[in-house]
Every structure is written in structure tokens, then in C-alpha cells.
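The points are set out in numbered order.

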Amino acid sequence: MSVVRRKFGDEYQAVVGTSARRKRQRFVDKNGRCNVQHGNLGSENSRYLTDLFTTLVDLKWRWNLLIFLLTYTVAWLVMASMWWGIAYLRGDLDMHHGHSPGHNPCVANVYNFPSAFLFFIETEATIGYGHRYITERCPEGIVLFLFQSLLGSVVDAFLIGCMFIKMSQPKKRAETLMFSRAAVISKRDGKLCLMFRVGNLRNSHMVSAQIRCKLIKSRQTPEGEFLPLDQCELDVGFGTGADQLFLVSPLTICHEINEKSPFFALSQRSLRSEQFEIVVILEGIVETTGMTCQARTSYTEDEVLWGHRFLPVMSLEDGFFRVDYSQFHGTFEVPTPPYSVKEQEENLSLPSPLNTPTGSNRSRREKISSLDGLDFFEEKGSRLPSKFQKICSGKRELHRGVLSLCSSNVEKACSTGDLLKIQQITSVCGTEDGGEKLMSAAFKTKSELLARSTGNLELQQRPQTLLTLGAALDHENLPAKLRKMNSGHLS
């Protein structure tokens with residue numbers, strides 16, 4: 001931390017500043033000026049003289065004014081010296097010292113250099129006071145007069161044209177085109193987008209306004225080549241025509257971040273460590289002059305706000321729309337996921353174990369359910385009276401054999417709700433006639449499960465066949481008393 005003392009009027013205030021981070025070197029300034037200087041041109045400097053007019057227009061105003069003044073001053077002095085030289089060679093400078101009155105001068109009333117200079121200015125500016133003039137007996141003066149007229153026209157056309165083009169340049173028109181100080185990243189229409197705002201302060205329109213964006217970032221190719229300040233195009237609606245602007249009110253330019261965007265893997269965390277610059281170029285034709293105007297600005301990584309959105313600036317008044325430019329640069333925070341679009345797509349593509357169980361897990365679970373049902377029958381049988389326990393113990397192997405035959409079909413129908421139904425039905429085994437009802441209830445449950453799961457007639461009939469077979473086998477092993485009851489039940 002560093003403390004800097006600044007003077008405000010007659011008092012000093014201590015301002016706390018940080019020197020932790022060095023100022024970011026920009027490729028394009030916020031005002032659109034490019035921070036590029038050309039050096040070590042050598043003999044290539046002569047190329048500027050081949051396009052002298054453009055070179056003069058590109059110069060700064062102070063150099064243009066200096067060249068303008070020097071060119072006219074030197075031209076006037078040279079031409080005045082030539083008129084003075086003709087007068088000197090013809091002896092016109094000594095006429096006021098007593099020469100004969102019959103002497104005919106080349107230029108009347110030119111006696112020295114100031115008088116020759118005044119004659120040139122009067123001729124060049126077509127003032128013509130009438131006191132100094134060329135006589136007809138001076139052919140060299142007539143030729144010099146023609147050369148002076150041609151040279152003056154060329155100099156006037158060159159310098160005055162250069163000054164006119166420089167004054168009418170549309171660079172100052174770009175001063176009334178505004179860009180937001182910061183860019184934002186947030187959701188729009190369910191998609192993560194990079195956005196910034198542009199505006200026009202004048203009532204005159206920008207005809208055929210078009211906007212482009214370039215990403216300036218250094219990178220290294222897979223072959224090992226380092227590309228400093230590599231330029232990459234950012235799509236701001238070229239395919240849909242959204243890059244063609246009707247710039248009568250502030251507009252928010254949007255770049256959708258998708259798999260084709262260079263920001264596809266950019267997240268809120270990686271934004272802090274990235275180094276890039278987004279150059280925005282707005283072009284259009286000035287409606288009043290018909291000249292093409294270009295406005296530029298740039299956004300570095302520290303000028304991109306994650307999870308922000310621009311404040312609204314338009315309001316409806318009585319008969320017109322009003323733009324509040326005090327809120328032009330304002331933003332507010334909105335809920336935005338801190339993950340990149342790449343990470344979000346990868347998370348959505350992962351399968352959910354709760355919603356999509358595998359077939360092997362399902363079959364395994366159903367097999368375990370069938371075995372749990374058998375264990376439940378055995379546990380209930382242990383609670384029966386001793387007379388019925390002997391009957392149930394002889395039938396356990398028969399039950400296991402029957403269930404093993406139906407296991408392939410039961411696996412398709414067994415579920416949590418079916419197990420609950422089996423448990424409710426098998427509770428009948430606790431009664432006195434548990435042997436008979438246990439056997440019939442178990443087979444009926446199996447037949448209902450098979451009929452509900454597949455709807456196949458063969459699967460519906462198979463448990464009934466097994467039921468009859470099981471009942472006939474058990475009828476032979478029952479005591480005489482129970483055999484009569486069972487025969488009445490089977491009939």
C-alpha cells in the first residue's frame with residue numbers, strides 16, 4: 001500500500017493507492033487511438049513522400065499549420081525576389097536617383113525589395129491598387145507573371161485542399177458516438193452472452209451503421225509458433241443481420257457464447273487470470289456529409305463484469321421516447337452461473353443414476369426381492385403350530401423349485417409395490433389353516449404379477465399350470481383330514 005498526497009486548493013489530502021497490479025498495456029485506447037509505433041523503417045521512409053497529400057492530412061494540426069505558413073511565406077519571398085531581380089537587372093532601382101525620364105521600367109514604381117514584395121502580393125491576391133503595374137516593354141516580366149499565376153494556383157489548391165480535407169474529416173463525428181465503459185456477461189434468452197452498449201448523441205443518423213468485434217489475444221500454435229496479439233473475430237450477429245444497426249437510440253450488442261465462441265471455456269474464475277482485449281469497431285456514413293466515419297474502443301479483461309446487466313435508459317414520455325444518458329454506463333448484478341458454457345454442457349450430458357438405472361441393477365434387485373419373499377414365507381412358517389410346521393417344512397423345496405421355474409418371468413414384473421402386496425398376502429400364513437392358504441396365495445400372487453407385467457397369454461397360463469401341479473403333489477402328502485379339505489378346495 002502506498003500513500004500519495006494530492007493538493008486540493010490550499011490543502012492536502014492523503015489518498016491511499018495500491019501498486020499491486022501494473023497498469024494494463026492496451027492495444028487500442030478507450031478513445032480509439034491505436035498504441036502502435038513504426039520504427040526502423042530505413043529507406044522505406046521515402047514511401048511517405050510518394051503519397052504527400054495523405055501524409056500532410058495525417059499530420060497533426062500544429063504541423064499542418066506550420067507547413068501552411070512556411071509554404072506561403074517562402075513562395076512569396078521567392079517570387080518577390082524574382083521581381084526585384086528583374087528590376088535590378090534592368091536598372092529600375094535607380095530611377096528615383098535622377099535617371100532620365102525617358103527610361104521605361106519593367107514594373108512601374110518598384111524601387112527596392114519591399115516595393116517588389118508589395119507588387120507580388122497585389123498580383124497574387126488580385127488586389128490591384130493601380131500604383132504598381134507591368135509595362136508592355138518588359139517581356140521577361142510577362143513570362144514571370146504567367147509563372148506566378150500558375151504556381152500560385154497549384155500552391156493554393158494543394159494547401160487549401162489539404163486544410164479543407166483535414167477540417168472535414170469525420171473523426172470528430174466519432175466523438176459523439178458512445179460506448180459503455182464496461183462489458184458484461186450474463187444470461188439472455190437462456191444463453192450466456194457477452195454484451196456492451198453503443199449510443200449516438202446526435203439527432204443525425206449514421207447511415208448503414210455496422211459493428212464488428214475483434215478479440216486480441218496472444219497464443220501458441222500446436223507447432224510451437226507464438227502469435228503475439230492474434231486477432232479473432234467475435235460473432236455479433238453477422239449471420240442473422242444483427243450487426244446492421246439502426247442507431248437512433250442506445251443499443252446493447254450481444255455476442256452469444258457457444259462452442260464456436262473463443263469464450264466457450266471462459267468461467268468467472270478463469271476470467272481473473274485471462275489476458276485479452278476486445279476491440280469494437282463501429283462504422284457508418286455520416287448523414288450530413290456523406291463521409292464514412294469509424295469509431296473504436298476496447299475492453300480488457302478487467303473491464304468485463306461477470307453476472308451484470310445494463311440499466312434501462314429508455315422511457316416513454318408524452319409523445320416521444322426519452323433517453324437518459326446518466327444511466328448509460330450503469331449496471332446491476334443478476335443471478336448468473338459462475339461456470340463456463342463448456343462446463344455446463346458437460347454437466348448436462350452426464351447421466352443421472354437416480355433416473356436411469358441399468359438393466360443389470362434392475363434384474364439383480366428383482367431377484368433379491370424374490371428371495372426375500374421366500375425368506376419371509378419361511379419366517380412366517382416358523383411361527384406356525386408344530387403340526388403345520390412339519391407340513392410347511394416338506395413343501396419348502398417344492399416352493400423353491402416352482403419359483404425357480406418362474407424366475408425369468410417374475411423378474412420382469414417384480415417391483416417395490418409388488419413386494420408389499422406379497423407381504424400382505426403371505427401374512428395369512430399365521431392362521432390355523434396356514435398350509436393351504438400359504439400355497440394357494442403364493443401361486444395366485446405369482447400369476448397376477450406375470451399377467452400384469454407382460455400381458456402375454458402364455459405367461460398368464462403358465463403359473464396356473466404350475467399351481468395345479470403343485471396342488472396335486474401336495475395333496476398326496478397331506479394327512480387324511482386335510483386331504484379331504486384340500487380335495488374340496490381343488491374341485
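1. The model is predicted, so local features need pLDDT of at least 70 and side-chain atom pairs count only at pLDDT 80 or more, while totals for chains, interfaces and linings use all residues. Residues are numbered from 1 along each chain as its sequence is written, and side-chain values use heavy atoms, with hydrogens and water left out.

2. A nonpolar surface patch is formed by Phe-53, Trp-61, Leu-65, Phe-164, Ile-165 and Met-167, with about 590 Å² of accessible area together. Patch members have over 30% relative accessible area and no salt bridge; nonpolar side chains (Val, Leu, Ile, Met, Phe, Trp, Tyr) are joined within 5 Å, like charges within 9 Å. A salt bridge here is a side-chain nitrogen of Lys or Arg within 4 Å of a carboxyl oxygen of Asp or Glu. Areas follow the Shrake-Rupley method with a 1.4 Å probe, and for residues only the protein chains shown count as cover.

3. Helices α3 (61–89) and α5 each supply at least two residues of this patch, and α5 gives the largest share, three residues. Helices are DSSP runs (H or I, at least four residues), numbered from the N terminus. Met-167 belongs to α5 and is exposed because its relative accessibility is 57%, the cut-off for exposed being over 50%.

4. Pro-139 also lies in α5 (residues 139–167) and, at 52% relative accessibility, is exposed. Its C-alpha atom is separated by 8.4 Å from that of Cys-106, 33 residues apart along the chain.

Terms used
Buried means under 20% relative accessible area, exposed over 50%, partly exposed in between (1.4 Å probe, protein chains only).
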